[in-house]
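Hello,

Here is the structure I promised to pass on. Please have a look at it first, and then read on for what turned up.

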Amino acid sequence: MRAYWDKAAARNAMYYVDTSLDYDAPDRDAFLAGGRKVAAIALGEAKASLPGRSLAVEIGCGLGRISAALAETFEHVVGVDISEQMVRR
């Protein structure tokens with residue numbers, strides 16, 4: 001799994017995180033907007049009430065687009081990913 005995502009990151013990281021983007025010219029603004037949309041849906045549709053806004057953890061953060069969106073709401077955000085290459089980018 002790690003090897004797959006490291007190779008994907010090297011080829012075209014934004015596209016492999018969001019395959020709705022144009023492979024040859026991924027739009028960074030659209031990419032980040034997608035992260036904000038996913039975060040808004042997750043926070044708005046959460047079945048449990050959040051105990052606060054001090055910490056969010058994203059597992060499988062890839063390039064960090066959702067983590068960046070969560071940082072607009074939470075004091076601290078931690079993102080972890082299996083792919084070192086994705087995190088570097």
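**What turned up**

Asn12 sits in helix H1, residues 2-17. Helices (H or I, at least four residues) and strands (E, at least two) are DSSP runs, numbered from the N terminus. With a relative accessibility of 10%, Asn12 counts as buried. Buried means under 20% relative accessible area, exposed over 50% and partly exposed in between, with a 1.4 Å probe and protein chains only.

A word on the source: this is a predicted model, in which local features need pLDDT of at least 70 and side-chain atom pairs count only at pLDDT 80 or more, while totals for chains, interfaces and linings use all residues. Residues are numbered from 1 along each chain as its sequence is written, and side-chain values use heavy atoms, with hydrogens and water left out.

**The chain as a whole**

The chain has four helices and two strands, and along the sequence they follow the pattern α-α-β-α-β-α. Its C-alpha atoms fill a box of roughly 40 × 25 × 20 Å along the principal axes. Of the 89 residues, 29% are buried. If you take the contacts between residues at least 6 apart in sequence, 43% of them join residues at least 24 apart.

**Salt bridges**

How many salt bridges does a search of the whole structure find? There are two, where a salt bridge is a side-chain nitrogen of Lys or Arg within 4 Å of a carboxyl oxygen of Asp or Glu.

One joins Arg65 to Asp18, with the closest N and O atoms 3.4 Å apart. Arg65 belongs to helix H3 and Asp18 to the loop between H1 and helix H2 (28-44), so this pair ties together parts that are 47 residues apart in sequence. Both Arg65 and Asp18 are buried.

The other is between the side chains of Arg88 and Glu84, at 2.4 Å from N to O. These two are four residues apart in helix H4 (residues 84-88), so about one helical turn separates them. Arg88 is exposed, with a relative accessible area of 57%, and Glu84 counts as partly exposed at 44% relative accessibility.

**A buried Glu without a partner**

Glu58 is buried yet has no salt bridge, and the nearest side chain of opposite charge, Arg65, is 6.9 Å away. For charge, Lys and Arg count as positive and Asp and Glu as negative, while His and the chain ends are not counted. Which residues does Glu58 touch, not counting those up to four places away in sequence? They are Ile66, Ser67, Val78, Gly79 and Val80.

**A Glu in a loop**

Glu72 lies in the loop between helix H3 (65-70) and strand E2 (76-80). Is Glu72 buried or exposed? At 61% relative accessibility, Glu72 counts as exposed. From C-alpha to C-alpha, Glu72 and Asp6 are 28 Å apart in space, and they are 66 residues apart in sequence.

Happy to talk any of this through.

Best wishes

Notes. Contact = heavy atoms within 4.5 Å.
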